[in-house]
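Please look over the sequence and the structure shown below.

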Amino acid sequence: MGRPLIYEILEKPASSGVIALCSLIWFLIQKRGIGYADVGLSYEAAVEGGQHWRLITAAFSHVSVVHLVFNMSALWSLGAVEQAAGLGVQYYLHYTLVLVVLSGLLVLGIYHVMIRRFKVDYFRRVTAVGYSCVVFGWMTILAAKQPSSKLNLFGVLSLPISFAPFESLIFTSIMVPQASFIGHLLGIIVGYSIAWGLIHGMNNYWAVTMLGWIVLVFVLSLKRTGSLEMRFIEIEPVTDPSLPSVGVVASRNGRALQMDMLPGRGVADFV
């Protein structure tokens, strides 16, 4: 008989938290009837439409319950990273942030090249959604750092972790043709970049700084594109009759700047 689930959750707090978050987001999306095109990452929406917040929403959203279960099952197995010597929970959280943002930016970069350089307009409207870029990234990191580990899916399928990234890439491309081959491949590339030390130096300071910028860009892009009404950052006009008002009026010689002074003090015109 295996150990109670609660013990495994406590040993994998970051993985468990991500799984809970993705599950909650999937539930809210289903309940509110939101389509994946409304939250997914596409060049047309994220770059041309200024909806930069899709870099984040796309990663944590899923098309169907099968999509969610498959990704979360793989992520749960990869939670071994949190228990590995020299890695741990902080390492997991720091580089999850890197994987989410960098893989999304690289996807948009590839789309940009295909659209602008090679004139393949198809990539303008391709919409990527799901946590699989991050899953492939962690699969690759674990394969590079602990090649003797096993990747267990659904408790029945066990793969040698050293071959898992490219086996999974080929398998998903064949079995799920609509899966983002580019996104999965870029997740693997970012994963190797982290595992081999090409991307390194993440600590609490840089993680908090990066998170702060992500939140700022997320909120401002939501506000600017009108995707979410946030009254708490509205700038309300202030009208005070005791203060002068400045306006532009027409004159025979062109435009004139008119300043209305306080009552009883006349009007000053500047031509």
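Q: Where is the place of Lys-119?
A: Lys-119 sits in the loop between helix H8 (88-117) and H9, where helices are DSSP runs of H or I with at least four residues, strands are runs of E with at least two, and both are numbered from the N terminus. The model is a predicted one, in which local features need pLDDT of at least 70, side-chain atom pairs count only at pLDDT 80 or more, and totals for chains, interfaces and linings use all residues. Residues are numbered from 1 along each chain as its sequence is written, and side-chain values use heavy atoms, with hydrogens and water left out.

Q: Why does Lys-119 count as exposed?
A: Exposed means over 50% relative accessible area, buried under 20%, and partly exposed in between (1.4 Å probe, protein chains only); Lys-119 has 66% relative accessibility, and therefore counts as exposed.

Q: What is the phi of Lys-119?
A: Lys-119 is not a glycine, yet its phi is positive, at about 60 degrees. Most residues other than glycine have a negative phi.

Q: Why does Phe-123 count as buried?
A: The relative accessibility of Phe-123 is 14%, so this residue counts as buried. Phe-123 belongs to helix H9 (residues 122-125), and, leaving aside neighbours within four places in sequence, Phe-123 is in contact (heavy atoms within 4.5 Å) with residues including Tyr-43 and Ile-182.

Q: What makes Thr-57 count as buried?
A: Thr-57, in helix H5 (residues 54-60), counts as buried because its relative accessibility is 18%.
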